[in-house]
Amino acid sequence: WFVGPNSPKLHTELYLLNTDSKSADANLSVQTESGSMIGTDDSGIVVPSHGMVLQNLDKLLHNAKDIALHVTTSTGRVVAALRQSSSSAKPGIWLPAAAEPATTQVLPGLPSTSGIRELFITVPGSASARVKVTAVTPHGSYQPTGASGIGLLPHQTTGLQLPSLSGIPGAVKISSNVPVTAVLEVSGGPPGAPGAFLTGSQPIVEQGVVAASPAGSAGSTQLVLSDPGQRAATVTIAQAIPGVPLTGQQGQVVQIAAKSTTEVTLTLPKHSKKASVMAIIVRPEAGSGPVYAARLAMAGGSVQTILPVNSTPTVIVLPDVRESLVTVLGSLAARSAAI
């Protein structure tokens, strides 16, 4: 899913990449403020093996204001990416993929800079949605003006202005009676971009790592840490420049009150002013409440990109296999031995 704004001034391009040895058959469905849209070029897109297809969507979307694009395949697999720009001569932005539709989503990374705040929500299913939006801020959690009891029709995408959140760091929590997915636009982004975007993510489990974030002359980095739960959270944040191990760093301890947000600006260690990037690790402490985090890349006081800090655990525990042939035979053998 890709969810966001559209206008006649924006150019939208869909990239489909197939890394497999067999061709793939991709389909694109579009939901706008007017409902589902059916075009002549949005289905049966053949992506050759080890090839890429570029689809220009300007004609298909030229009348839409709020859009949600859903890419699926009937055969094969593809990787999808969406680029929006106000000019072909400007880089624009790769619109981040929205989270899978769910009845609850948390979008971390609201910056403390001022500007537009517009939430784009789409309803994939055939039932109407009743949506409530909660802001998780340094001043606690609350419903912004006009953000409760929002009714949305099936297969419809709606842009909701939230001007009261301008200049307030935090996260946005979306609750709905049916699965929905959303993206929040804020002022900023690289040249040619309509803005910078927040997407849904999950709370950090064990640790979250950002491999490279701007520092020094390349810009600055901020972390927005939100705890929408009932229990306060504590995290340790460590950072390292190229050539310095990230593991083993002592880091700084940051506390986040329940149903609240804390903003942290990261600075380079002493004697490291020539570095242009840094690596970051965020570790929730034992017994901590849920922590949702986003990394903001800043340049000249403007937000360039907002990326969620995803979990990168050192160990992944898989559930026990049930009803497999090995499991069934093993249980039969154990039963026979007991008899």
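Me: Buried means under 20% relative accessible area. Why is Leu160 called buried in this model?

Reply: The model is predicted. Leu160 has a relative accessible area of 18%. The cut-off is under 20%, so Leu160 counts as buried. Leu160 is found in strand β15, residues 157-161. Its C-alpha atom is separated by 28 Å from that of Ile204, 44 residues away along the chain.

Me: What makes Met278 buried?

Reply: Met278 has a relative accessible area of 2%. That is under 20%, so the label is buried. Met278 belongs to strand β23, which covers residues 277-284. Ile241 is 37 residues away in sequence, but its C-alpha atom lies 4.5 Å from that of Met278.

Me: Why is Arg77 called exposed?

Reply: Exposed means over 50%. Arg77 has a relative accessible area of 59%, so Arg77 is exposed.

Me: How do you know that Arg77 and Asp20 form a salt bridge?

Reply: The rule asks for a side-chain nitrogen of Lys or Arg within 4 Å of a carboxyl oxygen of Asp or Glu. For Arg77 and Asp20, N to O is 2.9 Å. The pair therefore passes. Arg77 sits in the loop between β7 (66-75) and β8, and Asp20 in the loop between β2 and β3 (24-32). They are 57 residues apart, so the pair counts as a link between distant parts of the chain.

Me: And what is Asp20: buried, exposed or partly exposed?

Reply: Asp20 has 22% relative accessibility. Under 20% would be buried and over 50% exposed, so Asp20 counts as partly exposed.

Me: What makes Arg83 and Glu13 a salt bridge?

Reply: Their side chains meet at 3.2 Å, N to O. The limit is within 4 Å, so this pair counts. Arg83 is in strand β8, and Glu13 is in strand β2, residues 11-18. These partners are 70 residues apart and link distant parts of the chain. Arg83 is buried, and so is Glu13.

Me: Why does the contact between Lys65 and Asp66 count as a salt bridge?

Reply: The closest N and O atoms are 4.0 Å apart. The rule says within 4 Å, so the pair is included. By this rule the count comes to three salt bridges.

Me: What makes Leu17, Met52 and Val79 a nonpolar patch?

Reply: Members need over 30% relative accessible area and no salt bridge, and nonpolar side chains are joined within 5 Å. Leu17, Met52 and Val79 form such a patch on the surface. Together they have about 270 Å² of accessible area. Val79 is found in strand β8, residues 79-85.

Me: Why is Pro96 called partly exposed?

Reply: Pro96 is at 24% relative accessibility. Pro96 is in the loop between β9 (93-95) and β10. Thr199 is 103 residues away in sequence, with a C-alpha to C-alpha distance of 7.1 Å.

Me: What about Lys259 and its phi?

Reply: Lys259 is not a glycine, yet its phi is positive, about 55°. Its loop runs between β21 (252-256) and β22 (260-266).

Me: How many residues in the lining of the largest pocket are charged?

Reply: None: the lining has six nonpolar, seven polar and no charged residues. Gly counts as polar by this scheme. The pocket holds about 230 Å³ of space. Of its 13 lining residues, the closest to the centre are Ala99, Val106, Gly200, Ser201 and Gln202. The elements that give two or more residues are β10 (102-110) and β25 (302-308). β10 gives the most, with three residues.

Methods: Residues numbered from 1 in each chain as written. Predicted model: local features only at pLDDT ≥ 70, side-chain atom pairs only at ≥ 80, totals over all residues. Heavy atoms only, no water. 1 Å grid on protein atoms, 1.4 Å probe; cavity = no way out; pocket = protein on both sides within 12 Å on 5 of 7 lines; lining within 4 Å. Points joined across faces, edges and corners; volume = space filled by probe spheres on them. Helix = DSSP H or I, 4+ residues; strand = E, 2+ residues; numbered from the N terminus. Patch = residues over 30% accessible without salt bridge, like charges linked within 9 Å, V, L, I, M, F, W, Y side chains within 5 Å. Areas by Shrake-Rupley, 256 points an atom, 1.4 Å probe, with all protein chains shown as cover. Buried < 20%, exposed > 50% of the residue type's maximum accessible area, 1.4 Å probe, protein only.
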